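Colleague: I would like a close look at a single part of this model, taken slowly and with the cut-offs spelled out.

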Amino acid sequence: MANIAVMGAGSWGTALSMVLADNHHDVRLWARREEQIAEINNNHTNEAYLPGIQLPKQIKGYSDLSETVKDVEVLLLVVPTKAVRDAIQSLRKVLTSPVVIVHASKGIEPGTHKRISEMIEEEFEGSDLLKDVAVLSGPSHAEEVSLRQPTTVTVSSSNNDASLLIQDLFMNQHFRVYTNPDLIGVEVGGALKNIIALVCGLTNGLGMGDNTKAAIMTRGLAEITRLGVKQGANPLTFAGLSGLGDLIVTCTSVHSRNWRAGQMIGQGKSLDEVLSSMGMVVEGIRTTQAAFELANELKVEMPITSALYEVLFEGLHPKEATEKLMGRIKKHEVEQISDFLNQDEL
C-alpha cells in the first residue's frame, strides 16, 4: 500500500484515483476549489466531472498542495497541457523529497513543441526532486473507468523500473497495464490522436458517414506515425494501445470531447462558440497548432493536420478542407521507412 498524490481532480484524475483506491492505496486528490474538496470528503462524489459515481473512501480531497505531497513517493499529474508548467513550478516550491511523476495528460506545447515529459524535466532542471518521469496512456474514457469497465493502457518511462512501479500500482482485474519502453511514441500517439478525433467529429457534423471516418482514422494514423518516427519513436508503438487503440476510442465515442468539439465545428459553430459551450479543455485544438508547426519544422507531410489547422486558425470552411484533402495528388498507400525519414538519416 502506498501514499499517492493526484494533482488534478477532473474526470480523468478522479477516475484514476478510483483505480488506485481499489488497489488499497491511500489517495490524496488535489484541487483548487474548496467546495469541490468538501464534496469529495463529505459526500464521496465529484458530480461536476463524474456524475452518479460514488468514490472510494480511501480518496481524500486536499486543497493545500504542500499537505498533498507530504511524504509521497509517487505523484500522478492529470492537468491540461497548458497547465503543466504552472503545476510543476508549484510542486517545486513544496516538495521536500524526490518523487516519481507519472502524467496522464495528452498534448504537445505550441511554440516549444515539447512533449509533456520534456516539459516536466525542463521545469525540474537543476533540482534533485525528480526521480523519474513516466506516462500513462491508452484507450480509456474516464466515464467507463469509473464504472470499472475492462480497460487496457500502457505505461512508459526511460527507466524501466519506474514503468514497473507504475504498472504494479495501477494494475487490477478491471484495469490492465502494459509497459512500453518507447516514451516518445507513447506520448506522441496519445497527443496526436486528438487531432484526428476532431476531424472525425467534424466530418460527422458535415453529415458524412463511416467511409469517411475510416479514411480519416487510417490516414490519420499514417500521419501520427510519420511525425513520431521522425522524432525517434518506434513505428510499432503506433499499432498498439497508445496509438491505434487510443485513436479508435477517441474517434468513435460521444465521450470524446475532441470528437464533440469537431462535430460542432462541422455543424457551423465558430471555435470560440465551441470552446465556451464545452466547459472543459479540448486538448486537440492546441495540439493541432503544435503539430502543424512541428511538421513544418521537421518537413513531415501531415495533410489532415494541415487542413484542420486551416479550419481552426485560418478560417477555411470545413467542407472546403474536405475537398482539398480529396483532391490531393495520387500516392501509394503503403509507406516505406524512407517515407518517414530523410535519406541521409537512413
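Which backbone oxygen lies 3.2 Å from a polar atom of the side chain of Lys106?

Modeller: This is a predicted model, in which local features need pLDDT of at least 70 and side-chain atom pairs count only at pLDDT 80 or more, while totals for chains, interfaces and linings use all residues. Residues are numbered from 1 along each chain as its sequence is written, and side-chain values use heavy atoms, with hydrogens and water left out.

The backbone oxygen is that of Gly138, and the side chain of Lys106 also makes a polar contact of 2.7 Å with the side chain of Asp246; a polar contact here is a pair of N or O atoms within 3.5 Å, where, within protein, one must be able to donate a hydrogen and the other to accept it, and residues adjacent in sequence count only if both atoms are side-chain atoms. Lys106 belongs to the loop between strand E5 (99–103) and helix H5 (116–123), helices (H or I, at least four residues) and strands (E, at least two) being DSSP runs numbered from the N terminus. With a relative accessible area of 13%, Lys106 is buried, a term that means under 20% relative accessible area, as against exposed at over 50% and partly exposed in between (1.4 Å probe, protein chains only). Not counting residues up to four places away in sequence, the residues that Lys106 touches include Thr81, Ile116, Ser137, Ser140, Lys193, Asn194, Glu283 and Thr287, where contact means heavy atoms within 4.5 Å.
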